[in-house]
Amino acid sequence: MNSAARSVWNVFKRSSQGVDSVSHGHHHRQEQWRGIRVKVFNGNLESALTFMQRKMQSSGIERMIKREQTHHIKNSEKRVLARKNLERIIKSQDLARKLKAILSKKVRGL
């Protein structure tokens, strides 16, 4: 079983636990794990797996699993990730600067 399959299995084990109640002093807090349920019709496992994969991609669980993986990342991948991260930071800074300019004009009544 590879690491991705193991991560998926751990996510499903957590989701099958359902609602856990945790006691902190006098208060009870309930935590619910995120999970995906897929029904298998007529023993057709292949279609259920493809449906599950589509659901995982759309719900973001796949990204969460990839983020948790601690495997070796090549230097070229590190550079690509660093560049994308820098672009995202610059884009958000530019947006913040534009919003600040718009708000200051509004406050001044221009």
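**Entry 1: the Arg83–Glu87 pair**

I looked up glutamate 87 first. This residue is partly exposed, with a relative accessible area of 46%. I am working from a predicted model, so I treat every value as computed from that model. Next I checked for a partner. Arginine 83 forms a salt bridge with glutamate 87. Their closest N and O atoms are 3.6 Å apart. I counted the pair as a salt bridge because the cut-off is a side-chain nitrogen of Lys or Arg within 4 Å of a carboxyl oxygen of Asp or Glu. Arginine 83 is partly exposed, also with a relative accessible area of 46%. Both residues sit in helix 4, which covers residues 75-108. They are four residues apart, about one turn of the helix.

**Entry 2: the other salt bridge**

How many salt bridges does the structure hold? I found two. The other one I noted joins arginine 97 to aspartate 94. Here the closest N and O atoms are 2.8 Å apart. Is arginine 97 buried or exposed? At 53% relative accessibility it counts as exposed, because the cut-off for exposed is over 50%. Aspartate 94 is partly exposed, with a relative accessible area of 30%.

**Entry 3: helix 2**

I moved to helix 2, residues 45-59. I checked its length against expectation. Its 15 residues, at 1.5 Å a residue, should span 21 Å. The end C-alpha atoms are 21 Å apart, so the two agree. Which residues of helix 2 are buried? I listed Ala48, Met52 and Met56. They cover an arc of only 75° around the axis, so they fall on the same side of helix 2. Glu46, Arg54 and Ser58 are exposed on the other side. I then looked past the end of the helix. Glycine 60 follows helix 2. Its phi is positive, near 90°.

I went back to the loop between strand 2 and helix 2, where asparagine 42 is found. Its phi is positive, about 55°, although the residue is not a glycine. I flagged this because most residues other than glycine have a negative phi. Asparagine 42 is exposed, with a relative accessible area of 83%. Valine 40 is found in this loop too, between strand 2 (27-32) and helix 2. At 43% relative accessibility, valine 40 counts as partly exposed. I asked what valine 40 forms with Leu45 and Leu49. The answer is a nonpolar patch on the surface. Together the three have about 260 Å² of accessible area.

**Entry 4: the whole chain**

I finished with the overall layout. The chain has four helices and two strands. From the N terminus on, I read the elements as α-β-β-α-α-α. Buried residues make up 10% of the 110 residues. The accessible surface of the chain comes to about 10100 Å². Carbon and sulfur atoms account for 55% of that surface. Last, I looked at contacts in the chain between residues at least 6 apart in sequence. Of these, 33% join residues at least 24 apart.

Technical notes. Residues are numbered from 1 along each chain as its sequence is written. This is a predicted model: local features need pLDDT of at least 70, side-chain atom pairs count only at pLDDT 80 or more; totals for chains, interfaces and linings use all residues. Side-chain values use heavy atoms; hydrogens and water are left out. Patches are made of residues with over 30% relative accessible area and no salt bridge: like charges are joined within 9 Å, nonpolar side chains (Val, Leu, Ile, Met, Phe, Trp, Tyr) within 5 Å. Accessible areas come from the Shrake-Rupley method with a 1.4 Å probe; for residues, only the protein chains shown count as cover. Buried means under 20% relative accessible area, exposed over 50%, partly exposed in between (1.4 Å probe, protein chains only). The expected span of a helix is 1.5 Å times one less than its number of residues. The arc is that of the directions from the helix axis to the C-beta atoms. Contact means heavy atoms within 4.5 Å.
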